[in-house]
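Hi,

Here is the structure I promised to pass on.

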Amino acid sequence: MDMHLSISSFLFVLIGFSLQNQVLSSPSPVILWSNEVLPKSAGALSTQRPLDLISDNICTLPNEIIQLEIIAVKDFLIEDIYEGLQNNYPLLTDIKKDQTNLRYYPNCGKDAYDIFSKAPQSNNMKCARTHFQLSSSQIYETLHDALNAMQEKINKIGTNTDKAIVIALMNYPTQNEQSSRKRRATNQAANSNIIVSDNKTCMFYAQNAIWINKNGDKSSSQSYNLNLTGSKCVLNTTVTNSNQSSAILDLVWINPQLASDVVNMRLVATIIGQYWYLTNITVNDNLYRYFAFGMQNLMDTPPKFSYVCTTATFVRYDDTTKYGKYNFTDKFNIKSFQFQPFYGNGSFFGPPNYCTSFFTSGIWMGITSSLLCLAILLFGITRMMSIKSNDRFDDPKGKPLIIKAQE
């Protein structure tokens, strides 16, 4: 009994440790390009230190002087790489090739920008013979603009082999990375992008929005800012079912480069039973569906909780066909999304319900490995406990024991 308790305790400790690593180690992607062929490294399962990335991948180049150019993107996340942009930028298709000048490191530490910026002053022993020259460091609002800038730099460099050049695309740390995981106070500055209904019960926050395939072109995407004066959240008084409550959130997004380019978005949330669901989504009178990690999701959340997602993705949906049809090339993404349609107090959002599933791939790997080891241990213990001693022994003074063999 004590052994079973110790095994169970060990399993829970292991799972807890895996959960802790999952929450605390929030990796940031880094993309490196060089006019020299970069070494291929195995993908790290845990968060990779930026200093080790420089030592193991850049300092191994044969050149003694390396010119470093940094391109940073605000709130650059791993999921941004898999939102269809790889289909629009040819340079991203080289990431999976063995012989290439481009490498992708998804699990790099959040301090990558700071470490790379200080590379010329670093005293890293592994890079003792390498001298870094930081030629430029630029910061962009969207990954779309950053990738265009990176492609322009690559085209300009071309086949220049006179000196080693490394272009690093990475995340630029901002306060939004921390605020997206916390309750937000609505008594912040007026440009905090927080919408509160007149009765203080409905609350919404977003950083900005990006419409991919806005003009029907696969390579097109446009950033939009939230218009606070034109956006509002109201209760739906037309709901007649006493067991249901509904809230309508009308959002107005404006293109900062073209004031006449306006996007009207409507989200309808309804309480059904013990949860509220996102029951209807329209963008410019076209029907959309919300997707979380490749699956349609209704944001089912307890009424007093808020729904939080770093990037909320809405996909165009055609309901005119018999079974419906999704157009995954037409997507509307909202950055730093947080929505609470009911039971708000006008000051703080309720407890967050994150769009990430509780059982992530890392947790499943830890649980599967633990259960496999536990099964092997229990099998060994069972076999040991089934061992029995002989019930009869030879008597040296008596007649020998004869066992007849069966043919």
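This is a predicted model: local features need pLDDT of at least 70, side-chain atom pairs count only at pLDDT 80 or more; totals for chains, interfaces and linings use all residues.

Ile-31 sits opposite Tyr-104 of strand E3, in a pairing where 5 bridges join E1 to E3 (residues 102-108) and the two run antiparallel.

Residues are numbered from 1 along each chain as its sequence is written, and side-chain values use heavy atoms, leaving out hydrogens and water.

Back to E1. It is also joined to strand E5 (residues 164-172) by 4 bridges, again antiparallel, with Ser-34 opposite Val-166. All 7 of the 7 residues of E1 (residues 28-34) are buried, so the strand is largely enclosed by the rest of the structure. (Buried means under 20% relative accessible area, exposed over 50%, partly exposed in between, with a 1.4 Å probe and protein chains only.) In a regular strand the side chains alternate between the two faces of the sheet. In E1 both faces are covered, with Ser-28, Val-30, Leu-32 and Ser-34 on one side and Pro-29, Ile-31 and Trp-33 on the other.

What order do the strands of this open sheet take? The 5 strands go E3-E1-E5-E2-E4, with mixed pairing. E3 and E4 are the edge strands, each pairing on one side only. Neighbouring strands are turned by 20 degrees against each other on average, direction ignored. (Axes are lines fitted to C-alpha atoms, for helices over the stretch in contact, and angles run from 0 to 180 degrees between N-to-C directions.)

Strand E2 (residues 65-74) is mostly covered, with 8 of its 10 residues buried. E2 pairs in the parallel sense with E4 (residues 131-140) over 9 bridges; Ile-65 is opposite His-131 and Glu-69 is opposite Ser-136. E2 and E5 are parallel too, over 9 bridges, and Ile-66 has Ala-164 as its bridge partner there.

Two helices lie across E1, E2, E3, E4 and E5: H2 (residues 50-58), at about 155 degrees to E3, and H5 (residues 143-157), at about 180 degrees to E5.

Ala-112 belongs to helix H4 (residues 112-117) and counts as buried at 3% relative accessibility. Neighbours within four places in sequence aside, Ala-112 is in contact (heavy atoms within 4.5 Å) with Val-30, Pro-50 and Met-170.

Now the cores. A nonpolar core is a set of buried Ala, Val, Leu, Ile, Met, Phe, Trp, Tyr and Cys residues joined through side-chain atoms within 4.5 Å. The largest has 36 residues, and those touching the most other members are Trp-253, Met-265, Tyr-290, Phe-314, Phe-332, Ile-334 and Phe-337. Strand E12 gives the largest share of this core, 5 residues. Apart from it lies another core of 24 residues, among them Leu-68, Cys-108, Tyr-113 and Met-170.

Lastly, the unreviewed UniProt entry annotates residues 362-382 as "transmembrane region"; the positions are in the numbering used here, feature names are shortened, and annotations may be inferred rather than shown by experiment. In the model that span is 100% helix and 0% strand, with its end C-alpha atoms 30 Å apart.

Cheers

Definitions and conventions. Two strands pair if DSSP finds at least two bridges between them.
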